[in-house]
Amino acid sequence: MATTAHQPQAGKIQPTELISFDEAMQKLSRDERFRATVYSMNTLLVQKGIYSPEEFEFQFRQFAQKSLT
């Protein structure tokens, strides 16, 4: 699920400790890059108030229901 906090959390990696974007693109598999993209977009959308975690979960469940029937 997407994160909602704006301030650093305990144990969270600081931006200066992160690998570069290019390095991440080289080292992650195609599936991992896709998951990182979805995670990043959802986190940003929740933080910016575009939708709430509850709205995201509802849409996720709705998609799952349609896909499984």
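Rings of Phe, Tyr and Trp (its six-membered ring) are paired when their centres lie within 6.5 Å; the pair is stacked if the planes are under 30 degrees apart, edge-to-face if over 60, and tilted for the rest. In this predicted model, local features need pLDDT of at least 70 and side-chain atom pairs count only at pLDDT 80 or more, while totals for chains, interfaces and linings use all residues. Residues are numbered from 1 along each chain as its sequence is written, and side-chain values use heavy atoms, with hydrogens and water left out.

**Overall make-up**

The chain has three helices and zero strands, in the order α-α-α along the sequence. Helices (H or I, at least four residues) and strands (E, at least two) are DSSP runs, numbered from the N terminus. Of the 69 residues in the chain, 12% are buried. Here, buried stands for under 20% relative accessible area, exposed for over 50%, and partly exposed for what lies in between (1.4 Å probe, protein chains only). The chain has an accessible surface of about 6200 Å², and 59% of this belongs to carbon and sulfur atoms. These areas come from the Shrake-Rupley method with a 1.4 Å probe; for residues, only the protein chains shown count as cover.

**Aromatic cluster**

The ring rule gives two aromatic pairs. Y51 and F56 form a stacked pair, because their ring centres are 6.2 Å apart and their planes are at 15°. The rings of F56 and F60 are tilted, since their planes are at 40°, with the centres 6.1 Å apart. Through these ring pairs, Y51, F56 and F60 are linked into a cluster. F56 and F60 are four residues apart in helix α3 (residues 53–68), so about one helical turn separates them.

What is the exposure of each ring residue in the cluster? Y51 is buried at 18% relative accessibility, F56 is partly exposed at 21%, and F60 is exposed at 55%.

**Salt bridges**

Side chains of opposite charge can pair when their charged atoms come close. A salt bridge is counted when a side-chain nitrogen of Lys or Arg is within 4 Å of a carboxyl oxygen of Asp or Glu.

| Salt bridge | N to O distance |
|---|---|
| E23 and K27 | 2.8 Å |
| D31 and R35 | 2.8 Å |

E23 and K27 are both in helix α1 (residues 21–27), and because they are four residues apart, about one helical turn lies between them. E23 is partly exposed at 27% relative accessibility, whereas K27 is exposed at 60%. D31 and R35 belong to helix α2 (residues 30–47), where they too are four residues apart, about one turn of the helix. D31 has a relative accessible area of 45% and is partly exposed.

**Helix α2**

Helix α2 has 18 residues, and its first and last C-alpha atoms are 26 Å apart, close to the 26 Å expected at 1.5 Å a residue. The expected span is 1.5 Å times one less than the number of residues in the helix.

Which residues of α2 are buried? They are N42, T43 and V46. These residues are on the same side of α2, because they cover an arc of only 100° around the axis. The arc is taken over the directions from the helix axis to the C-beta atoms. R30 and F34 are exposed on the other side of α2.

T43, placed in helix α2, has a relative accessible area of 9% and so counts as buried. Its side chain comes to 2.8 Å from the backbone oxygen of Y39. A polar contact is a pair of N or O atoms within 3.5 Å; within protein, one must be able to donate a hydrogen and the other to accept it, and residues adjacent in sequence count only if both atoms are side-chain atoms.

**A24**

A24 lies in helix α1 and is buried at 18% relative accessibility. How far apart in space are A24 and A36, C-alpha to C-alpha? The distance is 9.9 Å, and the two residues are twelve residues apart in sequence.
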